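These entries record what I looked up in one structure.

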Amino acid sequence: MRRYELMLVLKPDLADDRIQATVDRATRLISGSGGQIVKVSPWGRRRLAYAIGQFREGSYHIVVFDAPPEAVVELERGLHITEEVMRHLVVHVERPASS
């Protein structure tokens, strides 16, 4: 299993319960594909570097997880069709060598 970091940028006009439901859906996709959630960090609303559609702000969330590479493909497929997600990015995190 590899360590990954997912950044979600959600629409800022969503209610708190819909934001939480979207983050929960992403974590369920990870867990359902054999992954483990390490940490979920809400960053809150932040100004975007450029407008995405009509929005100048977004609600940011970071999810750190361990999963097989195939799980990332399924996760990204699910996020592409989720209408609450404006942008997302999954990156592989290199773990420091233990000594």
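I worked from a predicted model. I began with the handedness of the helix pair and found that α1 passes α2 in a right-handed crossing. The residues of this contact divide into 5 nonpolar, 1 polar and no charged. I then looked up the geometry: the axes of α1, residues 16-32, and α2, residues 69-80, come within 9 Å and cross at roughly 155°. Because angles over 145 degrees count as roughly antiparallel, α1 is roughly antiparallel to α2. For the residues involved, I noted Ala26, Leu29 and Ile30 on the α1 side. On the α2 side, I noted Leu75, Gly78 and Leu79.

Which residues have the most contacts inside the largest nonpolar core? I listed Leu6, Leu8, Leu10, Phe65, Leu75, Leu79 and Val90, in a core of 18 residues. I next checked which elements supply this core: β1 (2-10), α1, β3 (55-67), α2 and β4 (85-92) each give at least two residues. Apart from this core I found another, of 6 residues, which includes Leu48, Ile52, Phe55 and Met86.

Setting aside neighbours within four places in sequence, I found Phe65 in contact with Arg2, Arg3, Tyr4 and Leu6, among others. The contacts of Phe65 also include Ile30, Gln36, Ile37 and Val38. Val72, Leu75 and Val90 are likewise in contact with Phe65.

I located Pro68 in the loop between β3 and α2. Is Pro68 buried or exposed? Its relative accessibility is 19%, so Pro68 counts as buried, the cut-off being under 20%. I then asked what Pro68 touches, not counting residues up to four places away in sequence. The residues are Met1, Ser33, Gly34 and Gly35. Pro68 and Gly34 are 34 residues apart along the chain, and I recorded a C-alpha separation of 7.2 Å for them.

I placed Val93 in the segment after β4. With a relative accessible area of 28%, Val93 is partly exposed. Neighbours within four places in sequence aside, I found Val93 in contact with Arg3, Tyr4 and Glu5. I also looked up Val93 against Val64: the two are 29 residues apart in sequence, and their C-alpha atoms are 9.0 Å apart in space.

Technical notes: Residues are numbered from 1 along each chain as its sequence is written. This is a predicted model: local features need pLDDT of at least 70, side-chain atom pairs count only at pLDDT 80 or more; totals for chains, interfaces and linings use all residues. Side-chain values use heavy atoms; hydrogens and water are left out. Axes are lines fitted to C-alpha atoms, for helices over the stretch in contact, and angles run from 0 to 180 degrees between N-to-C directions. Helices (H or I, at least four residues) and strands (E, at least two) are DSSP runs, numbered from the N terminus. Angles under 35 degrees count as roughly parallel, over 145 as roughly antiparallel, 65 to 115 as roughly perpendicular and the rest as oblique. A crossing is left-handed if the near helix is turned anticlockwise from the far one by less than a right angle, and right-handed if clockwise. Contact means heavy atoms within 4.5 Å. Ala, Val, Leu, Ile, Met, Phe, Trp, Tyr, Cys and Pro count as nonpolar, Asp, Glu, Lys and Arg as charged, and the others, Gly among them, as polar. A nonpolar core is a set of buried Ala, Val, Leu, Ile, Met, Phe, Trp, Tyr and Cys residues joined through side-chain atoms within 4.5 Å. Buried means under 20% relative accessible area, exposed over 50%, partly exposed in between (1.4 Å probe, protein chains only).
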